[in-house]
Amino acid sequence: MSEVNRVITLAARPVGFPKETDFKLIEETKPAPGDGQFLVRTKFVSVDPYMRGRMNEQRAYADPFEIGEGIYGGAVGEIVESNNDTFEVGGFVHGMWGWRDYAVCEGSEVYPVNPDIAPIQTSIGVLGMPGVTAYFGFLEICKPKPGDCAFVSGAAGAVGQLVGQIAKIKGCSPVVGSCGSDEKVEYLLENCGYDAAFNYKTDTDYLAKVRELCPEGVDCYFDNVGGALTDAVFANLSPFARVSICGMISQYNLAQPEMGPRTSYMMMLIRQVSAQGFLVPQFAARFPEGIKQMAQWIKEGELTYREDIVEGLENTPKAFIRMLNGENKGKQLVQVS
Ligand code: NAP
Ligand code: FER
């Protein structure tokens with residue numbers, strides 16, 4: 001086993017869209033666990049949109065990453081050395097140690113992963129943070145009822161692909177999504193039970209498109225992207241619609257932020273709409289319940305998901321950038337070992 005620990009650090013704060021040169025791979029000595037600690041060898045790391053916010057100097061909802069420090073984020077790995085009787089060598093755990101080969105961990109920083117229940121990388125995907133974001137962000141905020149029209153933006157990504165299926169399970173109709181390629185549109189229609197979907201990069205009259213696909217208005221809007229598409233969905237909301245403000249990826253890589261909203265507020269007023277932003281940790285106490293239900297749906301064939309796996313820790317910046325670019329098909333992961 002290698003004695004070197006490769007760590008991907010932030011070399012420079014990205015201006016606008018991140019570049020590979022904003023990151024730097026450094027080599028450290030493989031760390032040794034102290035009393036009560038254990039050493040984890042990373043199997044998969046997650047690249048997530050929120051990490052872009054942590055690369056800025058300005059604090060968003062988490063502290064900025066420091067220049068020259070390793071990038072922190074979701075990861076899953078195998079325990080290879082242990083001074084802790086509860087975390088034995090050969091066991092798997094997930095945690096937030098991020099883009100590195102090895103991490104020394106304490107029991108309080110990680111969660112055990114059972115490889116017999118599902119592939120270990122699902123602990124940072126469908127049965128992890130993106131999964132519970134879809135589950136609680138949709139059910140608790142959109143409060144779907146059978147027959148509601150549900151619209152999901154960013155519908156083919158890690159979170160979005162799940163939201164539409166949960167909407168279907170709950171009897172929403174129609175379930176409509178937007179995404180950035182024809183291949184993704186086809187995936188949503190063929191595999192995720194969406195009633196309709198469109199490619200926002202080629203079908204650019206969003207107002208007309210949402211009206212066409214949601215003729216009775218949108219009752220539940222799960223928003224991953226913000227921006228012009230969201231303006232169009234707001235203009236088509238039904239009376240007493242519920243909007244779950246999950247993400248705004250159309251804004252994350254802008255060097256200059258866009259200002260707004262105006263018409264959206266007007267629509268909230270005249271249609272008596274509720275719109276609520278959320279950060280998924282607010283549901284942390286209920287994660288086990290959501291994960292159990294999603295695992296059950298997967299087992300019963302009610303819920304499907306796709307993962308997009310790039311090989312090699314050194315390619316993590318590439319994977320992060322391709323995810324922000326929309327080249328990922330489902331949850332973007334990096335296989336490290
Ligand atoms: P993802 O959807 O798997 O990947 C990001 C996707 O965003 C890309 O594949 C791309 O798909 C789309 N995108 C990129 N630029 C865009 C633009 N300008 N306009 C529209 N779409 C764009 O990522 P994810 O992990 O599932 O996250 C989805 C959203 O959920 C993000 O906004 C994220 O910040 C949010 N989120 C929020 C929470 C929370 O606690 N609130 C937790 C997790 C995630 P296309 O091909 O469709 O362009
Ligand atoms: C968290 C809060 C928010 C977190 C992720 C998010 C991994 C994601 C937010 C977003 O994508 O907008 O504690 O932990």
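Student: Which residues of α2 are buried?

Tutor: In α2 the buried residues are P130, G131, V132, T133, A134, Y135, F136, G137, F138, L139, I141 and C142, where buried means under 20% relative accessible area, exposed over 50% and partly exposed in between, with a 1.4 Å probe and protein chains only. This is a predicted model, in which local features need pLDDT of at least 70 and side-chain atom pairs count only at pLDDT 80 or more, while totals for chains, interfaces and linings use all residues. Residues are numbered from 1 along each chain as its sequence is written, chains are lettered from A and ligands numbered from 1 in the order in which they are written, and side-chain values use heavy atoms, with hydrogens and water left out.

Student: Why is α2 called largely enclosed by the rest of the structure?

Tutor: Because 12 of the 14 residues of α2 are buried, the helix is largely enclosed by the rest of the structure. Helices (H or I, at least four residues) and strands (E, at least two) are DSSP runs numbered from the N terminus. From its first C-alpha to its last, α2 reaches 18 Å, close to the 20 Å expected at 1.5 Å a residue, the expected span being 1.5 Å times one less than the number of residues. After α2 comes K143, whose phi is positive, near 40°.

Student: What makes the contact of D148 with R242 a salt bridge?

Tutor: A salt bridge requires a side-chain nitrogen of Lys or Arg within 4 Å of a carboxyl oxygen of Asp or Glu, and D148 and R242 meet at 2.8 Å, N to O. Since D148 lies in the loop between α2 (129-142) and β8 (150-152) and R242 in strand β12 (residues 237-245), the pair ties together parts that are 94 residues apart in sequence. With a relative accessible area of 5%, D148 is buried, and R242, at 12% relative accessibility, counts as buried too.

Student: Are K30 and E3, which form a salt bridge, buried or exposed?

Tutor: K30 counts as buried because its relative accessibility is 13%, whereas E3, at 53%, counts as exposed. The closest N and O atoms of K30 and E3 are 3.8 Å apart. This pair links distant parts of the chain, with K30 in the loop between β2 (23-29) and β3 (38-46) and E3 in the segment before β1 (4-10), 27 residues apart. A network of salt bridges links E3, K30 and E81, and the structure holds 18 salt bridges.

Student: How do you know that both faces of strand β5 are covered?

Tutor: In β5 (residues 92-95), F92 and H94 on one side and V93 and G95 on the other are all buried. Strands pair if DSSP finds at least two bridges between them: β4 (residues 75-82) pairs with β5 in the antiparallel sense over 4 bridges, and β5 pairs with β7 (residues 111-113), also antiparallel, over 3 bridges. H94 is the bridge partner of V76, and Y111 in β7 is the bridge partner of H94.
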